[in-house]
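Student: Please take me through this model one feature at a time, with the general idea first and the particular case after it.

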Amino acid sequence: MKFQVFSKLTVLAALFAIMACGGGQSDKSNTDESLTGEIKIDGSSTVYPITEAVAEEFRAEHPGVRVTVGFSGTGGGFKKFGRGEIDINNASRPIKELEEKTCKENNIQFHGITVAYDGLAIVVSKENTWLESITVAELKMIWEPGAQEKIKKWSQVRAGWPDVEFNLYGAGVASGTYDYFTEVIVGESGSSRGDYTASEDDNVLVQGVAGDKNALGFFGLAYYEENKDKLRLIPVDNGKGAVTPTAETVMSGEYAPLSRPVFIYVTKTATQGPEVAAFINFYLSNAAVLVKDVGYIALPGKMYEEETAKFEQFLNAQ
């Protein structure tokens, strides 16, 4: 499968172009101006392109509903979510116990929905022509907290690699991508060396790695697909041989441990408004197509139907 991906800005331009040509999921005959209100969404920059694509289609069908989508990171979004400041949080990891506790303290009931799969890409600059693959153990050696100020050269990681210092780029600490990466690579969520270039904006990381021949970075696979003209994707060996992330290896779990589901979370209070309930149902009805359009991996089989049924149960629960 070949991905077709767009940046956070070009997702919008592409969707406008689709609708201008009469394509997409919506047309004027389906426009319903009777539904009104506002939906506030924040959270993961990884999930942002999916939700923004869905939101754009939803706005076309329901122009009376104002949908805003931000990306302050999964953790940043959950802080707002737990205070009742937003209706939906995009999340590239499951909600944490402390975040769940905050919701409970503020009487916020919520429901999590799996919307797609994503893989974490390990990338280098096109100028790096020697790094062919990397093991999970080597990634841990590079990224664990004890490596700071100690492991600084490629040659310290594997014999035969260049005796030059590397520069690291990765997701910021408020990002679910950071939490996931540190959990499966380092062994403890939120634990890593601190001397790396961090950003919640994946495009910043792309530019940083692309311009640095001694850089090593990680971020969502979709952002590599968008920028593969200036980056090289590095296969990862978990002890069973080096595997390159693709739609097939991510969905099958072969690209372990850097394959993951991604989510949206919605509050019970928000779903009492018909616009939010309509948005969630629209999301699940159209995700299989739109997820692929923006470079992610759709859920297999009838999982979207199952997620819809679970959401209906949540709506009807007392």
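Student: Where is N107 found, and is N107 buried or exposed?
Tutor: Secondary structure here is a set of DSSP runs, helices (H or I, at least four residues) and strands (E, at least two), numbered from the N terminus; N107 is found in the loop between α4 and β4. Burial is read from relative accessible area with a 1.4 Å probe on protein chains only, where buried is under 20%, exposed over 50% and partly exposed in between. N107, at 69% relative accessibility, therefore counts as exposed.
Tutor: Before going on, note that this is a predicted model, in which local features need pLDDT of at least 70 and side-chain atom pairs count only at pLDDT 80 or more, while totals for chains, interfaces and linings use all residues. Residues are numbered from 1 along each chain as its sequence is written, and side-chain values use heavy atoms, with hydrogens and water left out.

Student: What is the phi of N107, and where is E149 placed?
Tutor: Most residues other than glycine have a negative phi, and most peptide bonds are trans. N107, although not a glycine, has a positive phi of about 55°. E149 is likewise not a glycine and has a positive phi of about 65°; E149 is placed in the loop between α5 and α6 (154-157), and with 54% relative accessibility E149 counts as exposed. As for the peptide bond, the one leading from A256 to P257 is cis, with omega near 5°, and P257 belongs to the loop between α10 (247-252) and β12.

Student: How many of the 11 residues of helix α7 are buried, and which elements do its buried residues pack against?
Tutor: In helix α7 (residues 176-186), 9 of the 11 residues are buried, so this helix is largely enclosed by the rest of the structure. The buried residues include T177, D179, F181 and I185. The partners of the buried α7 residues are found through contact, meaning heavy atoms within 4.5 Å, and they are the helices α3 (74-82) and α5 (136-143) together with the strands β4 (110-125), β6 (167-171), β8 (215-220) and β12 (259-267).

Student: Which residue caps the N-terminal end of α7, and what lies just after the helix?
Tutor: S175 is the cap, with a side-chain oxygen placed 3.0 Å from the backbone nitrogen of T177. Just after α7 comes G187, which takes a positive phi of about 105°.

Student: Which polar contacts join the side chain of T177 to others?
Tutor: A polar contact is a pair of N or O atoms within 3.5 Å; within protein, one must be able to donate a hydrogen and the other to accept it, and residues adjacent in sequence count only if both atoms are side-chain atoms. T177, within helix α7, is buried at a relative accessible area of 1%, and its side chain has a polar contact of 3.1 Å with that of T46 and one of 3.1 Å with that of R260. When neighbours within four places in sequence are set aside, T177 is in contact with T46, S92, L120, A171, F218 and R260.

Student: Is R93 buried or exposed, and what does its side chain pair with?
Tutor: R93 lies in the loop between β3 (88-91) and α4 (97-105), and its relative accessible area of 6% makes R93 buried. The R93 side chain forms a polar contact of 2.7 Å with the side chain of E99 and another, of 2.6 Å, with that of D179. Beyond its neighbours within four places in sequence, the contacts of R93 include T74, G75, F78, G176, F263 and Y265.

Student: Where is G112 placed, and what does G112 touch?
Tutor: G112 belongs to strand β4 and counts as partly exposed at 30% relative accessibility. Not counting residues up to four places away in sequence, G112 touches I264, Y265 and E307. The C-alpha atoms of G112 and T267 are separated by 9.1 Å, although these residues are 155 residues apart along the chain.

Student: Which residues touch the most other members of the largest nonpolar core?
Tutor: In soluble globular proteins, nonpolar side chains tend to be buried together. A nonpolar core is a set of buried Ala, Val, Leu, Ile, Met, Phe, Trp, Tyr and Cys residues joined through side-chain atoms within 4.5 Å. The largest core has 86 residues, of which I122, L216, F279 and I280 touch the most other members. A second, separate core of 9 residues includes F78, F81, A91 and I108. Setting aside neighbours within four places in sequence, I122 has contacts that include I134, L139, F181, L216, L233, I234 and V236.
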